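Please keep the viewer open and follow the points in order.

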Amino acid sequence: LLLTVSFNLYFTRPVTGGNLVAAGRVVSRSTKHLVAESLLTVADREVARGSGTFLPSRIKLEDVDSYA
């Protein structure tokens, strides 16, 4: 289970139709954090991209009252 520390999303052009294709990859991973990025395309043209930093959690969210 990962918790989001930060997430940035950049819309680079409007989408009016077509098939959206998403691809993501882990950029960096350690025992303390994970950095990932993603790319969203339509007809091989970038329409958005994102990146985020995540931390592993020792707490299951189903054990937290506000997530039940």
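1. Let's begin with E46, which counts as partly exposed at 24% relative accessibility; buried means under 20% relative accessible area, exposed over 50%, and partly exposed in between, with a 1.4 Å probe and protein chains only. E46 forms a salt bridge with R49, and their closest N and O atoms are 2.7 Å apart. The term stands for a side-chain nitrogen of Lys or Arg within 4 Å of a carboxyl oxygen of Asp or Glu. R49 is partly exposed too, at 37% relative accessibility.

2. A word on the source: this is a predicted model, where local features need pLDDT of at least 70 and side-chain atom pairs count only at pLDDT 80 or more, while totals for chains, interfaces and linings use all residues. Residues are numbered from 1 along each chain as its sequence is written, and side-chain values use heavy atoms, with hydrogens and water left out.

3. How many salt bridges does the structure hold? There are two. Besides the pair in point 1, E37 forms one with R25, with 2.7 Å between the closest N and O atoms. Because E37 lies in strand β3 and R25 in strand β2 (residues 20-29), this pair ties together parts that are twelve residues apart in sequence. E37 is partly exposed, with a relative accessible area of 30%, and R25 is partly exposed at 49%. Strands here are DSSP runs (E, at least two residues), numbered from the N terminus.

4. Next, please look at the strand pairing, for which DSSP must find at least two bridges between two strands. Strand β3 (residues 34-42) and β4 run antiparallel and are joined by nine bridges. Within this pairing, L39 has R49 in β4 as its bridge partner. The two strands form a hairpin with two residues between them, and A43 in the turn has a positive phi of about 50 degrees.

5. Which strand pairs with β4 (residues 45-56) in the antiparallel sense over nine bridges, apart from the one in point 4? Strand β1 (residues 2-11) does. Here F7 stands opposite G52 in β4.

6. Finally, have a look at S66, found in the segment after β4. S66 is exposed, with a relative accessible area of 67%. From S66 to V26 the separation is 40 residues in sequence and 29 Å in space, C-alpha to C-alpha.

Terms used. Helices (H or I, at least four residues) and strands (E, at least two) are DSSP runs, numbered from the N terminus.
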